[in-house]
Amino acid sequence: MLSKLQEIDMKYIFHPCSQMKDYEKLPPIVIKKAEGMYLEDENGKKYLDCVSSWWVNLFGHCNKRINKAIKEQIDKVEHVIFVNFSHEAAIELVQELVKVVPKGIEKFLFADNGSSSIEMALKLSFQYHQQTGNPKKRKFISLKNAYHGETVGALGVGDIDIFTDTYRALIKEGLKAEGPDCYRCPYGKNFDCCDAQCFEKMEKLILENHEDIAAVIIEPMVQGAAGMKMYSPKYIQKLRELTKKYDIHLIADEIAMGFGRTGKMFAMEHSGVSPDIMCTSKGLTAGYYPMAIVGITQKIYDAFYADYLEGKSFLHSHSYSGNPIGCRIALEVLKIFKEENILDMINKKGEYLNKRAKEIFKDKEYVGEYRQIGMIGAIELVQNREKEDFSASERVGYEIYKIALQKGALLRPLGNTIYFMPPYIITEEEIDKMLTICRDSIEEYISKR
Ligand SMILES: Cc1ncc(COP(=O)(O)O)c(C=O)c1O
C-alpha cells in the first residue's frame, strides 16, 4: 500500500538511473529525516547509509557545523553572477583549497556537478592545444571500464556499456586503453608485488597516437563505478612520465575519490605525482550542494590569457558557477578536515573496517576478493572458487540491495560488487552493523537462489 507521498512521487517523478517499472515492486522510500549515519523514512524506519548517499556525504547527514555555515551564508549572499563579480566565500575557499591540492594546481574554475567539470576539463585541454600550436591534438584516451559521468562529452571518455551503448551514435568516442584488472591480473601479480606491467597497453596506445592526443583522463587509484577496482600508484607514475614526454595532459577525475576517500586528501597523492587538470565534486560539498571545481596549472591558465580580441577566452559557464552557499559549505568542509583531524580518523577507521571485514567474510565461498583503500571496502561476489561471475541477468546486486534495505542498511551494489563507502563519522559499532547486515543479506539471497 503506497503512502500519499509515494503516490505523488510515482505519478510525477522520473528517478535517475532507474527502470521506473521496478518501482512497482520497490516504491521510492520517502525520507523524512536525516541525521548522522541514518536516514529515516515516513514510517520511522531507519537506514544506515553505507554509501554516503551516492558517495557525497562525508561527515554525516545534517551535520551541525555545515548547517550553521549555510544559515550564516544564506543571510549574507545567496547567489551572485560570477562573471566580473566575486564574493568572500569563493575567495576564502580557493585560498584554503590551494593548500591541499596536488602541487602545481594553482587556478580554479567552478561548475555545478561532476559531469560538467569533466566537460570543462576536456574542453580546457582541447582548447589549450589549439592555442599553443598543436591543433592536431584533439583526442582523449581513457581506461576501459572508466566512468566520468553521463553527459554526452563525459560518456565519450566513459566505458561502461549500460550507460554508453544507447548513445553510441551520439557520442564522440575517445580511445580506450585496456587498464588494470588486479583481481584477475593477466600477469599473475597481486597488488603487493605489482609493477604495473599492464601499463604496456596504455603505453602502446600513446606511442601510436601521441600526436593526436590532447589528454589522458583517469580515476586515480580506484575505478569507482566499474566496481571499486583498485590499482597500483605505479600505473599513475608511469602514465605521468609518458604524458609529460608527449605534451599530453593528465586529467585526474577526483570526483569520487577526492576529499579523503582513499585515506589521502586526493587519490593522486598515493602516486606522488600531480595532474595538469583535476576535477573535484561530491565530497567537496559533503553531500549538501551540487558543486564542482576544476583545478589547473598556471601553464594551462597562461594559454588562455590574452587580449580579448585574440579569442582565447574559455567561454564556459554555468548559471550557478561559484555559488556562495556551495563555496561556504566547501570552506567548512576544509576547516572540518583540518580542525577535526579527519585524515587520521579515516585511516584508523579504515584499519578497523579492513580487519572486521576480513574476519566476517573469511572463507566465504561467495567472496572472490575483499579489497580496500582508505574508507572504501569492496567485495567481489563470485559463484565459486573458480572466480565464476554471477550472470548480469540475475541482478544479484539489486536483489541483495533489497534484502539489506529490509534489514535497515542502504548498500548500493555495482553489479556483482558490494561495497562500503560510509560517511567518515561511522563508529566501530556501526561498521560491525554494516558488515553483518551485508553478510546476512548475501547469505539470505544465496540460500533462496
Ligand atoms: C569518477 C566520477 N566521475 C564523474 C562522476 C559524475 O559526477 P556527477 O554525478 O556529479 O555528474 C562520478 C559520479 O559518480 C564519478 O564517480
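These notebook entries record what I looked up in one predicted model.

**Ground rules.** I number residues from 1 along each chain as its sequence is written, and I use heavy atoms for side-chain values, with hydrogens and water left out.

**Annotated positions.** I looked up the "binding site" annotation in the unreviewed UniProt entry, and it covers Trp54, Tyr147, Lys282, Ser317 and Arg412; such annotations, given in the numbering used here with feature names shortened, may be inferred rather than shown by experiment. These positions are spread over 359 residues of sequence and are also spread in space, up to 32.9 Å between C-alpha atoms.

**Trp54.** I found Trp54 in helix H2 (residues 52–55), where helices (H or I, at least four residues) and strands (E, at least two) are DSSP runs numbered from the N terminus. Trp54 counts as partly exposed because its relative accessibility is 41%, given that buried means under 20% relative accessible area, exposed over 50% and partly exposed in between (1.4 Å probe, protein chains only). Not counting residues up to four places away in sequence, Trp54 touches Pro16, Cys17, Lys282 and Arg412, a contact being heavy atoms within 4.5 Å.

**Lys282.** I then turned to Lys282, which sits in the loop between strand S11 (277–280) and strand S12 (292–297) and is partly exposed, with a relative accessible area of 22%. Leaving aside neighbours within four places in sequence, the contacts of Lys282 include Trp54, Trp55, Val56 and Ile255. The side chain of Lys282 also reaches the backbone oxygen of Trp54 at 3.2 Å.

**Ser115.** I next looked at Ser115 in helix H5 (residues 114–131), which is buried because its relative accessible area is 17%. A polar atom of the Ser115 side chain lies 3.4 Å from the backbone nitrogen of Glu150, and Ser115 touches His148, Gly149, Glu150 and Thr151, not counting residues up to four places away in sequence.

**Helix H12.** How far apart are the end C-alpha atoms of helix H12 (residues 342–360)? They are 26 Å apart, which agrees with the 27 Å that its 19 residues should span at 1.5 Å a residue, the expected span being 1.5 Å times one less than the number of residues. Among the buried residues of H12 are Ile342, Ile346, Lys349, Leu353 and Ile360, and the buried residues of H12 pack against helix H11 (324–339), strand S13 (367–373), strand S14 (376–381) and helix H14 (428–448).

Notes: Predicted model: local features only at pLDDT ≥ 70, side-chain atom pairs only at ≥ 80, totals over all residues. Polar contact = N/O pair within 3.5 Å; in protein donor to acceptor, adjacent residues only side chain to side chain.
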